[in-house]
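User: I'd like to learn how to read aromatic pairs and a helix in a structure like this one. Could you walk me through it?

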Amino acid sequence: MSTIAENIAKVRTRIREAAQASERDFSAIGLLAVSKTKPATAIREAHACGVVDFGENYLQEALAKQQELTDLPLTWHFIGPIQSNKTKPIAEHFHWVHSVDRLKIAERLSAQRTAGLAPLNVCLQVNVSGEASKSGCAPEELPALAAAVSTLPNLRLRGLMAIPEPTEDRAEQHAAFARLRQLAHSLDLPLDTLSMGMSHDLEAAIAEGATWVRIGTALFGARDYGQPAQQ
Ligand SMILES: *Cc1c(COP(=O)(O)O)cnc(C)c1O
């Protein structure tokens with residue numbers, strides 16, 4: 001087996017064990033393979049093992065890989081920070097956007113979604129770590145943002161996303177993910193998605209209700225940022 005195939009098997013085992021530990025259905029937890037900085041060949045290898053969902057952070061890099069992989073039926077997720085002048089290609093070339101954190105971006109994505117395509121699935125990114133983190137809307141702003149986004153015609157608001165401050169402390173991991181779950185439940189909206197958990201903390205995220213875990217390093221190895229990623 002290739003390294004990627006072995007890594008996928010290991011990550012699936014971790015997801016299955018975490019699901020069992022919290023008496024959750026394994027099939028309710030999606031594996032989103034985060035392929036930023038990795039070549040199209042790595043995505044091809046992962047797809048050969050049954051992975052269909054891929055997350056990318058850098059628009060130009062993602063579009064180039066999509067061009068190389070048009071023969072595969074992949075589902076593309078944009079998970080990086082969004083500048084307002086980049087919303088059109090995101091609205092045209094992705095199935096999901098996990099990192100919407102302000103209304104202006106959501107309005108542009110809705111207005112620019114390609115006619116005839118299904119509504120763009122979106123998650124609102126919430127800052128659950130306070131001042132330590134700069135991206136994501138503040139929890140206090142979430143109810144108004146969610147209500148407004150839920151009315152946009154070409155978006156389908158699916159749920160919430162968070163990237164808590166990295167910590168090895170299990171109790172802190174659980175607290176941050178529980179916070180996101182509680183925020184989702186506090187909204188009076190039909191949400192079905194919690195995008196939370198990465199390579200180092202997927203167990204805590206699954207215990208707290210994750211429906212997407214976004215896994216890069218544990219699948220594809222450490223990332224090399226020596227070559228500046230293209231924006
Ligand atoms: C890079 C990235 C990930 C993957 O992180 P790993 O620790 O490599 O698993 C997940 N989510 C987001 C938003 C990312 O930018």
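This is a predicted model: local features need pLDDT of at least 70, side-chain atom pairs count only at pLDDT 80 or more; totals for chains, interfaces and linings use all residues.

**Reading rings and a helix**

User: Which residue does tryptophan 212 pair with, and how do I read the geometry?

Analyst: A pair of aromatic rings is described by the distance of the centres and the angle of the planes. Here, tryptophan 212 pairs with tryptophan 96 in an edge-to-face arrangement, with 5.6 Å centre to centre and 90° between the planes. Tryptophan 96 belongs to strand E4 and tryptophan 212 to strand E8, so the pair ties together parts that are 116 residues apart in sequence. Tryptophan 96 is buried too, at 8% relative accessibility.

User: How many aromatic pairs are there?

Analyst: The count is three. One of them joins phenylalanine 54 and tryptophan 76; this pair is tilted, at 6.3 Å between centres and 45° between planes. Phenylalanine 54 sits in strand E2 and tryptophan 76 in strand E3, so parts 22 residues apart in sequence are tied together. Phenylalanine 54 has a relative accessible area of 0%, and tryptophan 76 has 7%.

User: Now the helix. What covers the buried residues of H7?

Analyst: Begin with its extent: H7 runs over residues 170-186 and reaches 24 Å from first C-alpha to last. Its buried residues include Phe177, Leu180 and Leu183. Their cover includes helices H6 and H8 and strands E6 and E7. At the start of H7, a side-chain oxygen of aspartate 169 comes within 2.9 Å of the backbone nitrogen of alanine 171.

How values were computed:
Residues are numbered from 1 along each chain as its sequence is written. Side-chain values use heavy atoms; hydrogens and water are left out. Helices (H or I, at least four residues) and strands (E, at least two) are DSSP runs, numbered from the N terminus. The expected span of a helix is 1.5 Å times one less than its number of residues. Buried means under 20% relative accessible area, exposed over 50%, partly exposed in between (1.4 Å probe, protein chains only). Contact means heavy atoms within 4.5 Å. A polar contact is a pair of N or O atoms within 3.5 Å; within protein, one must be able to donate a hydrogen and the other to accept it, and residues adjacent in sequence count only if both atoms are side-chain atoms. Rings of Phe, Tyr and Trp (its six-membered ring) pair if their centres lie within 6.5 Å; planes under 30 degrees apart count as stacked, over 60 as edge-to-face and the rest as tilted.
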